[in-house]
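Reader: I have a chain to look at and some labels to check. Please show it to me.

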Amino acid sequence: MANHKSAKTRIVRNNKRSLINGARRSRVRTFVKKVDALIAAKDKEAAAAAFITAESEMMRAAQKGVFKKNTASRTISRLAQKIKAL
């Protein structure tokens, strides 16, 4: 257990950030799954609309440091390729 006040503060802040980052990561995954489901259903228009929101959420998470920027870009690129192939 932490003895210094600053160490105790860091524990509290780290727990808060962990919850926030976990929620943001889960939110992004949900949006990506929605796009994947629409791609599997061969619904190009709905998939393209869902892709726009998923892209926005993914890049916002990357800016906040939840995902690396290259990871977000790679995921977005792969989704875009799948939608284009429909």
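Reader: What makes glutamate 57 and arginine 27 a salt bridge?

Author: This is a predicted model, where local features need pLDDT of at least 70, side-chain atom pairs count only at pLDDT 80 or more, and totals for chains, interfaces and linings use all residues. Residues are numbered from 1 along each chain as its sequence is written, and side-chain values use heavy atoms, without hydrogens and water. A salt bridge needs a side-chain nitrogen of Lys or Arg within 4 Å of a carboxyl oxygen of Asp or Glu. The closest N and O atoms of glutamate 57 and arginine 27 are 3.0 Å apart, so the pair qualifies. Glutamate 57 is in helix α2 and arginine 27 in helix α1, 30 residues apart. Helices here are DSSP runs (H or I, at least four residues).

Reader: How many salt bridges does the structure hold?

Author: Three.

Technical notes: Helix = DSSP H or I, 4+ residues; strand = E, 2+ residues; numbered from the N terminus.
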